[in-house]
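Please read it alongside the sequence and the structure shown here.

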Amino acid sequence: MNQATSKDGTTIAYHGQGEGPAVILVTGGLDDGSENAPLADALASGFTVLNYQRRGRGESGDNQPYAVEREIEDIDVLIGAVGGGPAHVFGVSSGGALALEAAAAGLAIDRLAVYEVPYLMADELRQFWLSYVEDLREAIAEDRRGDALKLFMSLAGSPPEQIVEAEASEHWPRLLPVAHTLVYDAECLRDGRPPAHLARITQPVLVATGSADWQGDFYAGAADAIAAIVPDARRETIAGQGHVAEPEILAAVLRSFFMA
């Protein structure tokens with residue numbers, strides 16, 4: 001692992017590989033960058049890829065108080081680590097919301113791609129989201145990390161029996177140390193809808209989803225809403241892919257977009 005120091009003094013750990021134009025990978029909820037590692041390998045043949053651990057995860061620090069602006073500064077320092085930019089950025093799930101915020105903040109980003117950002121467009125789902133965020137903050141404030149994980153699984157549609165199985169699994173203890181970062185992801189998603197200030201993004205943005213959508217059109221609806229706000233958005237559906245896309249297939253889509 002390499003390290004960079006963010007503006008507030010937080011250490012940000014990252015793994016760099018490959019040669020070529022820089023690409024920074026921004027991961028989603030409860031992940032320390034492990035899920036993006038196969039994608040980094042697939043992109044390394046033509047890009048310098050930085051796969052980093054967001055603050056509060058893995059070997060990265062977690063200076064307080066948290067703010068979305070601090071995570072934007074983390075991406076900025078990584079752009080500096082590869083020469084100051086501009087760099088391409090790819091964000092998946094809630095990491096896509098953070099990547100969009102970074103572009104709207106004016107970071108030196110060349111092209112931006114996001115995949116299945118979980119904004120909640122249906123009114124009933126948004127109300128569920130707002131209730132989830134309130135309960136999540138309370139659980140983390142009281143250091144009830146297990147309850148926070150259960151709330152997240154319920155939000156994602158896991159039935160009670162599946163949550164019980166997850167709690168008894170060998171993976172559960174590995175998730176507890178990063179459970180508090182679910183609040184960070186919630187902050188990145190703001191009130192659950194794409195914010196109007198995404199209209200400030202001037203870069204070309206690929207807004208992608210898989211065809212195997214959760215609840216039929218959950219991610220597609222969110223992607224369409226993002227594309228309606230961002231001036232230079234390109235909407236694409238990747239056939240046969242779910243929320244965790246196959247690295248080689250996703251890499252081919254990103255390579256085509258970043259090199260256009």
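Glu116 is placed in the loop between strand 6 (109–115) and helix 4 (123–141), where helices (H or I, at least four residues) and strands (E, at least two) are DSSP runs numbered from the N terminus. This is a predicted model, in which local features need pLDDT of at least 70 and side-chain atom pairs count only at pLDDT 80 or more, whereas totals for chains, interfaces and linings use all residues. Residues are numbered from 1 along each chain as its sequence is written, and side-chain values use heavy atoms, with hydrogens and water left out.

**Surroundings of Glu116**

- Glu116 is buried, with a relative accessible area of 1%; buried means under 20% relative accessible area, exposed over 50%, and partly exposed in between (1.4 Å probe, protein chains only).
- Leaving aside residues up to four places away in sequence, Glu116 touches Ser93, Ala208, Thr209, Gly210, Tyr219, Gly242 and His243, a contact being heavy atoms within 4.5 Å.
- The side chains of Glu116 and His243 are joined by a polar contact of 2.8 Å, that is, a pair of N or O atoms within 3.5 Å, of which, within protein, one must be able to donate a hydrogen and the other to accept it, while residues adjacent in sequence count only if both atoms are side-chain atoms.
- The side chain of Glu116 also reaches the backbone nitrogen of Gly210, at 2.8 Å.
- Between Glu116 and Gly95 there are 21 residues of separation in sequence and 9.6 Å in space, C-alpha to C-alpha.

**Salt bridges between separate elements**

- The whole structure holds 17 salt bridges, each defined as a side-chain nitrogen of Lys or Arg within 4 Å of a carboxyl oxygen of Asp or Glu.
- One of them pairs Arg54 with Asp185, with the closest N and O atoms 3.0 Å apart; because Arg54 lies in the loop between strand 4 (48–52) and helix 2 (68–81) and Asp185 in helix 8 (residues 181–188), the pair ties together parts that are 131 residues apart in sequence.
- Arg54 is buried at 0% relative accessible area, and Asp185 is buried at 5%.
- Arg54, Arg57, Glu71 and Asp185 are linked in a network of salt bridges.
- Arg137 forms a salt bridge with Glu187, the closest N and O atoms lying 2.8 Å apart; Arg137 is in helix 4 and Glu187 in helix 8, so this pair ties together parts 50 residues apart in sequence.

- Arg70 and Glu73 form a salt bridge with closest N and O atoms 2.9 Å apart, and both lie in helix 2, 3 residues apart, about one turn of the helix.
- Arg70 counts as partly exposed at 23% relative accessibility, whereas Glu73 is buried at 17%.
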